[in-house]
Amino acid sequence: MIIGVPKEIKNNESRVALTPAGTQALTANGHTVYVQDQAGVNSGFPNSEYTDAGGKILDTIKEVYDVAEMIIKVKEPIEEEYDLIKEGQIVYTYFHFASHRPLVDAMIKSKAVCIAYETVEKKDGSLPLLVPMSEVAGRMSIQQGAKFLEKPLLGKGILLGGVPGVAPANVIIIGGGIVGTQAAKMAAGMEANVTILDIDLDRLRYLEDILPANVTTLYSNQYNIRKLIADADLIVGAVLIPGAKAPNLITKDMLKDMRPGTVLVDVAVDQGGCIETCKPTTHEDPTFIIDDIVHYCVANMPGAVPYTSTLALTNATLQYAIQLADKGWKKACKENAALAKGLNIVNGKVVYKGVADAFNLKFQDPSSVLN
Ligand SMILES: NC(=O)c1ccc[n+]([C@@H]2O[C@H](COP(=O)([O-])OP(=O)(O)OC[C@H]3O[C@@H](n4cnc5c(N)ncnc54)[C@H](O)[C@@H]3O)[C@@H](O)[C@H]2O)c1
(Lines give C-alpha, C1' and ligand atoms only; values in the text may rest on other atoms or scores of the structure.)
Protein backbone atom coordinates (compact mmCIF):
# COMPACT_ATOMS: atom_id res chain seq x y z
CA MET A 1 0.00 0.00 0.00
CA ILE A 2 1.11 3.59 -0.56
CA ILE A 3 1.10 5.48 2.73
CA GLY A 4 1.32 9.25 3.13
CA VAL A 5 2.38 11.16 6.23
CA PRO A 6 1.59 14.89 5.93
CA LYS A 7 3.11 17.55 8.18
CA GLU A 8 0.49 18.68 10.69
CA ILE A 9 -0.74 22.17 9.88
CA LYS A 10 -3.10 22.75 12.78
CA ASN A 11 -1.90 25.61 14.96
CA ASN A 12 0.72 24.52 17.52
CA GLU A 13 0.67 20.85 16.55
CA SER A 14 4.23 19.49 16.57
CA ARG A 15 3.51 15.77 16.67
CA VAL A 16 3.88 13.50 13.64
CA ALA A 17 1.85 10.36 12.99
CA LEU A 18 4.66 8.02 11.97
CA THR A 19 8.22 7.74 13.31
CA PRO A 20 11.25 6.40 11.42
CA ALA A 21 10.75 3.13 13.35
CA GLY A 22 7.19 2.92 12.02
CA THR A 23 8.42 3.74 8.52
CA GLN A 24 10.88 0.88 8.75
CA ALA A 25 8.19 -1.54 9.94
CA LEU A 26 5.85 -0.61 7.07
CA THR A 27 8.50 -0.66 4.33
CA ALA A 28 9.74 -4.03 5.63
CA ASN A 29 6.25 -5.35 4.88
CA GLY A 30 6.52 -4.14 1.30
CA HIS A 31 4.65 -0.83 1.62
CA THR A 32 5.78 2.53 0.27
CA VAL A 33 5.91 5.42 2.73
CA TYR A 34 5.91 9.05 1.60
CA VAL A 35 6.63 11.63 4.29
CA GLN A 36 6.17 15.36 3.76
CA ASP A 37 9.33 17.46 4.03
CA GLN A 38 10.06 18.30 7.72
CA ALA A 39 6.96 16.46 8.96
CA GLY A 40 8.88 14.92 11.88
CA VAL A 41 11.35 17.64 12.67
CA ASN A 42 9.45 19.13 15.62
CA SER A 43 9.25 15.69 17.21
CA GLY A 44 13.00 15.18 16.79
CA PHE A 45 12.97 13.24 13.52
CA PRO A 46 14.76 14.89 10.55
CA ASN A 47 14.04 13.85 6.94
CA SER A 48 17.26 11.81 6.85
CA GLU A 49 15.99 9.40 9.54
CA TYR A 50 12.91 8.65 7.42
CA THR A 51 14.94 8.08 4.25
CA ASP A 52 17.38 5.86 6.18
CA ALA A 53 14.36 3.84 7.30
CA GLY A 54 13.19 3.38 3.70
CA GLY A 55 10.77 6.32 3.41
CA LYS A 56 10.63 8.89 0.61
CA ILE A 57 10.29 12.64 1.12
CA LEU A 58 7.79 14.79 -0.81
CA ASP A 59 7.92 18.59 -0.81
CA THR A 60 4.26 19.52 -0.46
CA ILE A 61 1.18 18.37 1.39
CA LYS A 62 -0.69 18.11 -1.92
CA GLU A 63 1.82 15.63 -3.31
CA VAL A 64 1.42 13.47 -0.19
CA TYR A 65 -2.39 13.40 -0.41
CA ASP A 66 -2.30 12.86 -4.19
CA VAL A 67 -0.09 9.77 -4.04
CA ALA A 68 -1.36 8.04 -0.88
CA GLU A 69 -3.90 5.24 -0.54
CA MET A 70 -3.76 5.73 3.24
CA ILE A 71 -3.07 9.02 5.04
CA ILE A 72 -1.80 8.70 8.61
CA LYS A 73 -2.18 11.88 10.65
CA VAL A 74 -2.43 13.15 14.21
CA LYS A 75 -5.08 15.89 14.28
CA GLU A 76 -8.38 16.08 12.42
CA PRO A 77 -8.05 17.51 8.89
CA ILE A 78 -8.55 21.27 8.86
CA GLU A 79 -10.35 23.19 6.13
CA GLU A 80 -7.30 23.55 3.87
CA GLU A 81 -7.03 19.75 3.79
CA TYR A 82 -10.67 18.91 3.03
CA ASP A 83 -10.31 19.08 -0.77
CA LEU A 84 -7.06 17.12 -0.74
CA ILE A 85 -8.80 13.99 0.54
CA LYS A 86 -9.87 11.58 -2.20
CA GLU A 87 -12.67 9.08 -2.67
CA GLY A 88 -11.70 5.68 -1.24
CA GLN A 89 -8.63 7.04 0.55
CA ILE A 90 -8.13 5.78 4.10
CA VAL A 91 -7.65 8.62 6.59
CA TYR A 92 -6.44 7.29 9.94
CA THR A 93 -6.22 10.03 12.57
CA TYR A 94 -7.97 11.72 15.52
CA PHE A 95 -11.23 13.20 14.15
CA HIS A 96 -13.41 14.13 17.15
CA PHE A 97 -16.32 14.37 14.70
CA ALA A 98 -19.04 14.92 17.29
CA SER A 99 -17.74 18.40 18.07
CA HIS A 100 -17.35 19.65 14.47
CA ARG A 101 -20.15 19.53 11.94
CA PRO A 102 -18.23 21.09 8.99
CA LEU A 103 -15.67 18.27 9.25
CA VAL A 104 -18.46 15.68 9.19
CA ASP A 105 -19.98 17.25 6.06
CA ALA A 106 -16.59 17.48 4.34
CA MET A 107 -15.74 13.85 5.06
CA ILE A 108 -19.18 12.65 3.88
CA LYS A 109 -18.60 14.59 0.66
CA SER A 110 -15.07 13.19 0.23
CA LYS A 111 -16.28 9.53 0.24
CA ALA A 112 -13.05 8.65 2.06
CA VAL A 113 -12.67 5.90 4.70
CA CYS A 114 -12.36 7.79 7.97
CA ILE A 115 -10.96 5.75 10.85
CA ALA A 116 -10.89 7.76 14.09
CA TYR A 117 -8.24 7.02 16.72
CA GLU A 118 -10.54 8.12 19.53
CA THR A 119 -13.22 5.49 18.87
CA VAL A 120 -10.97 2.45 18.40
CA GLU A 121 -12.23 0.42 21.35
CA LYS A 122 -11.20 -2.87 22.92
CA LYS A 123 -13.66 -5.48 24.22
CA ASP A 124 -13.28 -4.21 27.81
CA GLY A 125 -14.38 -0.72 26.70
CA SER A 126 -10.88 0.79 26.94
CA LEU A 127 -9.74 3.25 24.27
CA PRO A 128 -6.17 2.25 23.40
CA LEU A 129 -5.43 5.27 21.22
CA LEU A 130 -6.58 7.79 23.84
CA VAL A 131 -4.77 6.21 26.80
CA PRO A 132 -1.24 7.34 25.80
CA MET A 133 -2.28 11.01 25.67
CA SER A 134 -3.96 10.72 29.07
CA GLU A 135 -0.75 9.25 30.42
CA VAL A 136 1.23 12.19 29.08
CA ALA A 137 -1.29 14.76 30.40
CA GLY A 138 -1.44 13.09 33.82
CA ARG A 139 2.30 13.11 34.29
CA MET A 140 2.56 16.63 32.93
CA SER A 141 -0.12 17.98 35.27
CA ILE A 142 2.26 17.64 38.23
CA GLN A 143 5.24 19.09 36.33
CA GLN A 144 3.12 22.12 35.39
CA GLY A 145 1.53 22.37 38.81
CA ALA A 146 4.93 22.31 40.53
CA LYS A 147 6.16 25.06 38.22
CA PHE A 148 3.15 27.34 38.71
CA LEU A 149 3.41 26.95 42.50
CA GLU A 150 6.61 29.01 42.24
CA LYS A 151 6.26 32.58 43.48
CA PRO A 152 7.44 34.34 40.28
CA LEU A 153 4.67 32.48 38.43
CA LEU A 154 2.16 33.74 41.03
CA GLY A 155 1.90 30.48 42.96
CA LYS A 156 2.11 30.07 46.70
CA GLY A 157 5.89 29.61 46.59
CA ILE A 158 6.03 26.06 47.91
CA LEU A 159 8.32 23.23 46.82
CA LEU A 160 6.27 20.12 46.08
CA GLY A 161 8.49 17.73 48.02
CA GLY A 162 9.49 20.09 50.85
CA VAL A 163 13.00 19.51 52.28
CA PRO A 164 14.21 17.73 55.43
CA GLY A 165 12.58 19.57 58.31
CA VAL A 166 9.94 21.27 56.12
CA ALA A 167 6.62 19.63 55.24
CA PRO A 168 5.89 18.77 51.60
CA ALA A 169 3.02 20.29 49.60
CA ASN A 170 -0.49 18.81 49.67
CA VAL A 171 -1.61 17.55 46.27
CA ILE A 172 -5.27 16.64 45.71
CA ILE A 173 -6.15 14.64 42.61
CA ILE A 174 -9.85 14.33 41.76
CA GLY A 175 -10.41 11.31 39.47
CA GLY A 176 -8.32 8.15 39.68
CA GLY A 177 -8.41 6.98 36.05
CA ILE A 178 -5.47 7.10 33.64
CA VAL A 179 -4.72 10.82 34.14
CA GLY A 180 -5.19 10.73 37.91
CA THR A 181 -3.09 7.62 38.44
CA GLN A 182 -0.16 9.00 36.45
CA ALA A 183 -0.47 12.32 38.27
CA ALA A 184 -0.44 10.54 41.63
CA LYS A 185 2.67 8.57 40.69
CA MET A 186 4.54 11.74 39.71
CA ALA A 187 3.45 13.72 42.77
CA ALA A 188 4.29 10.81 45.06
CA GLY A 189 7.69 10.44 43.40
CA MET A 190 8.38 14.11 44.16
CA GLU A 191 7.56 13.30 47.79
CA ALA A 192 4.41 15.42 48.04
CA ASN A 193 1.60 14.49 50.38
CA VAL A 194 -0.98 13.13 47.90
CA THR A 195 -4.71 12.40 48.16
CA ILE A 196 -6.53 10.82 45.22
CA LEU A 197 -10.34 10.73 45.05
CA ASP A 198 -12.71 8.65 42.94
CA ILE A 199 -16.28 7.38 43.12
CA ASP A 200 -15.32 3.92 41.87
CA LEU A 201 -14.52 1.81 44.93
CA ASP A 202 -12.88 -0.96 42.92
CA ARG A 203 -10.59 1.61 41.39
CA LEU A 204 -9.75 3.03 44.83
CA ARG A 205 -8.93 -0.48 46.07
CA TYR A 206 -6.60 -0.98 43.12
CA LEU A 207 -4.95 2.42 43.61
CA GLU A 208 -4.47 1.75 47.31
CA ASP A 209 -2.58 -1.44 46.38
CA ILE A 210 -0.30 -0.02 43.70
CA LEU A 211 0.49 3.52 44.85
CA PRO A 212 3.17 4.33 47.44
CA ALA A 213 2.51 5.13 51.10
CA ASN A 214 2.47 8.91 50.62
CA VAL A 215 -0.76 8.57 48.59
CA THR A 216 -4.08 8.36 50.44
CA THR A 217 -7.19 7.17 48.60
CA LEU A 218 -10.49 8.83 49.46
CA TYR A 219 -14.08 8.49 48.29
CA SER A 220 -15.09 11.48 46.16
CA ASN A 221 -17.99 13.56 47.43
CA GLN A 222 -18.66 17.25 48.05
CA TYR A 223 -18.06 16.92 51.79
CA ASN A 224 -14.59 15.38 51.40
CA ILE A 225 -13.56 17.74 48.61
CA ARG A 226 -14.60 20.83 50.62
CA LYS A 227 -12.64 19.60 53.63
CA LEU A 228 -9.47 18.97 51.62
CA ILE A 229 -9.23 22.15 49.57
CA ALA A 230 -8.51 24.44 52.52
CA ASP A 231 -5.11 22.81 52.99
CA ALA A 232 -4.40 22.02 49.35
CA ASP A 233 -1.47 23.51 47.44
CA LEU A 234 -2.07 21.84 44.08
CA ILE A 235 -5.42 20.43 42.89
CA VAL A 236 -5.63 18.33 39.71
CA GLY A 237 -9.00 17.78 38.01
CA ALA A 238 -8.95 14.39 36.22
CA VAL A 239 -12.59 13.31 36.13
CA LEU A 240 -14.32 11.72 33.16
CA ILE A 241 -17.89 10.59 32.74
CA PRO A 242 -17.89 8.97 29.29
CA GLY A 243 -20.05 10.81 26.78
CA ALA A 244 -20.99 13.59 29.21
CA LYS A 245 -19.67 16.94 30.32
CA ALA A 246 -17.46 16.64 33.41
CA PRO A 247 -19.33 17.60 36.62
CA ASN A 248 -18.29 20.83 38.40
CA LEU A 249 -16.78 19.38 41.55
CA ILE A 250 -15.05 22.61 42.51
CA THR A 251 -17.40 25.57 42.25
CA LYS A 252 -16.57 29.28 42.18
CA ASP A 253 -17.66 29.83 45.78
CA MET A 254 -15.08 27.25 46.93
CA LEU A 255 -12.14 29.38 45.73
CA LYS A 256 -12.49 31.61 48.81
CA ASP A 257 -11.85 28.57 51.01
CA MET A 258 -8.44 28.01 49.37
CA ARG A 259 -5.22 29.77 50.31
CA PRO A 260 -3.92 32.44 47.86
CA GLY A 261 -1.48 30.98 45.34
CA THR A 262 -3.09 27.54 45.29
CA VAL A 263 -2.77 26.04 41.80
CA LEU A 264 -5.64 24.32 39.99
CA VAL A 265 -4.78 22.15 36.96
CA ASP A 266 -7.99 21.07 35.23
CA VAL A 267 -6.89 18.34 32.83
CA ALA A 268 -10.56 17.54 32.13
CA VAL A 269 -10.98 20.96 30.54
CA ASP A 270 -11.31 19.31 27.11
CA GLN A 271 -14.61 17.78 28.34
CA GLY A 272 -15.85 21.02 29.86
CA GLY A 273 -13.73 20.83 33.02
CA CYS A 274 -14.50 19.72 36.58
CA ILE A 275 -13.59 23.09 38.08
CA GLU A 276 -16.31 25.67 37.44
CA THR A 277 -13.95 28.62 36.92
CA CYS A 278 -11.75 26.84 34.34
CA LYS A 279 -11.88 27.91 30.69
CA PRO A 280 -9.61 26.42 28.01
CA THR A 281 -6.18 28.07 27.70
CA THR A 282 -3.21 27.54 25.37
CA HIS A 283 0.48 26.78 25.87
CA GLU A 284 1.28 30.40 24.93
CA ASP A 285 -0.84 31.72 27.78
CA PRO A 286 -1.57 28.71 29.99
CA THR A 287 -2.82 30.31 33.23
CA PHE A 288 -5.13 32.96 34.61
CA ILE A 289 -5.93 34.09 38.13
CA ILE A 290 -9.34 34.27 39.81
CA ASP A 291 -9.59 35.24 43.49
CA ASP A 292 -5.79 34.75 43.90
CA ILE A 293 -6.04 31.15 42.71
CA VAL A 294 -3.88 30.10 39.71
CA HIS A 295 -5.86 28.23 37.02
CA TYR A 296 -4.00 26.10 34.45
CA CYS A 297 -6.41 24.73 31.84
CA VAL A 298 -4.54 23.85 28.63
CA ALA A 299 -6.82 21.73 26.48
CA ASN A 300 -3.98 20.10 24.54
CA MET A 301 -1.33 19.41 27.17
CA PRO A 302 0.57 16.68 25.21
CA GLY A 303 1.27 19.21 22.44
CA ALA A 304 3.98 20.80 24.62
CA VAL A 305 6.06 17.63 24.72
CA PRO A 306 5.97 16.34 21.13
CA TYR A 307 9.08 14.18 21.53
CA THR A 308 7.35 12.09 24.17
CA SER A 309 3.82 12.40 22.80
CA THR A 310 4.71 11.32 19.27
CA LEU A 311 6.42 8.18 20.54
CA ALA A 312 3.62 7.41 23.00
CA LEU A 313 0.94 7.89 20.34
CA THR A 314 2.70 5.97 17.57
CA ASN A 315 3.54 3.08 19.92
CA ALA A 316 -0.24 2.62 20.10
CA THR A 317 -1.35 3.53 16.56
CA LEU A 318 1.28 1.66 14.52
CA GLN A 319 -0.02 -1.87 15.06
CA TYR A 320 -3.39 -0.90 13.56
CA ALA A 321 -1.70 1.02 10.71
CA ILE A 322 0.24 -2.10 9.81
CA GLN A 323 -2.95 -4.20 9.80
CA LEU A 324 -4.69 -1.64 7.56
CA ALA A 325 -1.76 -1.59 5.15
CA ASP A 326 -1.19 -5.36 5.09
CA LYS A 327 -4.81 -6.45 4.74
CA GLY A 328 -6.67 -3.43 3.35
CA TRP A 329 -9.24 -1.69 5.56
CA LYS A 330 -12.14 -4.09 5.00
CA LYS A 331 -10.28 -7.28 5.92
CA ALA A 332 -8.40 -5.56 8.76
CA CYS A 333 -11.65 -4.31 10.31
CA LYS A 334 -13.43 -7.64 9.82
CA GLU A 335 -10.63 -9.42 11.65
CA ASN A 336 -10.13 -6.85 14.41
CA ALA A 337 -13.26 -5.68 16.19
CA ALA A 338 -11.38 -2.97 18.09
CA LEU A 339 -10.21 -1.39 14.85
CA ALA A 340 -13.68 -1.72 13.27
CA LYS A 341 -14.98 0.53 16.08
CA GLY A 342 -12.76 3.24 14.61
CA LEU A 343 -14.84 3.38 11.40
CA ASN A 344 -16.77 6.66 11.56
CA ILE A 345 -17.60 7.84 8.04
CA VAL A 346 -17.08 5.55 5.06
CA ASN A 347 -17.91 6.23 1.43
CA GLY A 348 -20.29 9.03 2.44
CA LYS A 349 -22.11 6.96 5.08
CA VAL A 350 -22.02 7.72 8.81
CA VAL A 351 -21.26 4.37 10.44
CA TYR A 352 -20.54 5.50 14.01
CA LYS A 353 -23.69 5.99 16.05
CA GLY A 354 -22.35 8.75 18.30
CA VAL A 355 -21.53 10.91 15.28
CA ALA A 356 -24.91 10.28 13.60
CA ASP A 357 -26.75 11.06 16.86
CA ALA A 358 -24.76 14.25 17.47
CA PHE A 359 -26.07 15.78 14.25
CA ASN A 360 -29.30 13.86 13.58
CA LEU A 361 -27.79 12.15 10.58
CA LYS A 362 -28.75 8.73 9.26
CA PHE A 363 -26.75 5.99 10.98
CA GLN A 364 -25.79 3.00 8.86
CA ASP A 365 -24.44 -0.14 10.44
CA PRO A 366 -20.70 -0.63 9.78
CA SER A 367 -21.50 -4.08 8.36
CA SER A 368 -23.15 -2.24 5.42
CA VAL A 369 -19.74 -0.95 4.30
CA LEU A 370 -17.70 -4.00 5.22
CA ASN A 371 -19.45 -6.49 2.93
N1 LIG B 1 -6.08 18.54 28.72
C2 LIG B 1 -5.50 17.58 28.02
O3 LIG B 1 -4.56 17.81 27.28
C4 LIG B 1 -5.98 16.17 28.17
C5 LIG B 1 -5.22 15.10 27.68
C6 LIG B 1 -5.69 13.80 27.89
C7 LIG B 1 -6.89 13.58 28.57
N8 LIG B 1 -7.62 14.66 29.01
C9 LIG B 1 -8.88 14.51 29.75
O10 LIG B 1 -8.64 14.10 31.09
C11 LIG B 1 -9.85 13.55 31.62
C12 LIG B 1 -9.55 12.25 32.35
O13 LIG B 1 -9.15 11.27 31.39
P14 LIG B 1 -8.78 9.77 31.81
O15 LIG B 1 -8.19 9.15 30.60
O16 LIG B 1 -8.04 9.76 33.08
O17 LIG B 1 -10.24 9.17 32.05
P18 LIG B 1 -10.59 7.82 32.87
O19 LIG B 1 -11.90 7.38 32.37
O20 LIG B 1 -9.43 6.88 32.81
O21 LIG B 1 -10.72 8.32 34.38
C22 LIG B 1 -11.75 9.14 34.84
C23 LIG B 1 -11.99 8.81 36.30
O24 LIG B 1 -12.91 9.79 36.84
C25 LIG B 1 -13.64 9.11 37.83
N26 LIG B 1 -14.79 9.92 38.23
C27 LIG B 1 -16.00 10.05 37.65
N28 LIG B 1 -16.79 10.88 38.38
C29 LIG B 1 -16.04 11.27 39.45
C30 LIG B 1 -16.27 12.09 40.57
N31 LIG B 1 -17.44 12.70 40.76
N32 LIG B 1 -15.28 12.26 41.48
C33 LIG B 1 -14.09 11.66 41.32
N34 LIG B 1 -13.81 10.85 40.27
C35 LIG B 1 -14.77 10.65 39.37
C36 LIG B 1 -14.00 7.78 37.16
O37 LIG B 1 -14.43 6.84 38.11
C38 LIG B 1 -12.65 7.43 36.52
O39 LIG B 1 -11.84 6.64 37.36
C40 LIG B 1 -10.78 13.40 30.40
O41 LIG B 1 -11.67 14.49 30.38
C42 LIG B 1 -9.83 13.49 29.22
O43 LIG B 1 -10.49 13.93 28.04
C44 LIG B 1 -7.18 15.93 28.81
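Buried denotes a relative accessible area under 20%, exposed over 50%, and partly exposed the range in between, with a 1.4 Å probe and protein chains only. The model is predicted: local features need pLDDT of at least 70, side-chain atom pairs count only at pLDDT 80 or more, and totals for chains, interfaces and linings use all residues. Residues are numbered from 1 along each chain as its sequence is written, and side-chain values use heavy atoms, with hydrogens and water left out.

Asp-198 belongs to strand β8 (residues 193-198); strands (E, at least two residues) and helices (H or I, at least four) are DSSP runs, numbered from the N terminus. Asp-198 is buried but forms no salt bridge, that is, a side-chain nitrogen of Lys or Arg within 4 Å of a carboxyl oxygen of Asp or Glu. The nearest side chain of opposite charge is that of Arg-203, 5.5 Å away; Lys and Arg count as positive, Asp and Glu as negative, while His and the chain ends are not counted. Beyond its neighbours within four places in sequence, Asp-198 has contacts (heavy atoms within 4.5 Å) that include Gly-175, Arg-203 and Tyr-219.

β15 pairs with β14 (residues 343-346) in the antiparallel sense over two bridges, and Ile-345 stands opposite Val-350 in β15.

Val-163 is located in the loop between α6 (131-148) and β7 (170-174) and is partly exposed, with a relative accessible area of 44%.

Technical notes
Two strands pair if DSSP finds at least two bridges between them.
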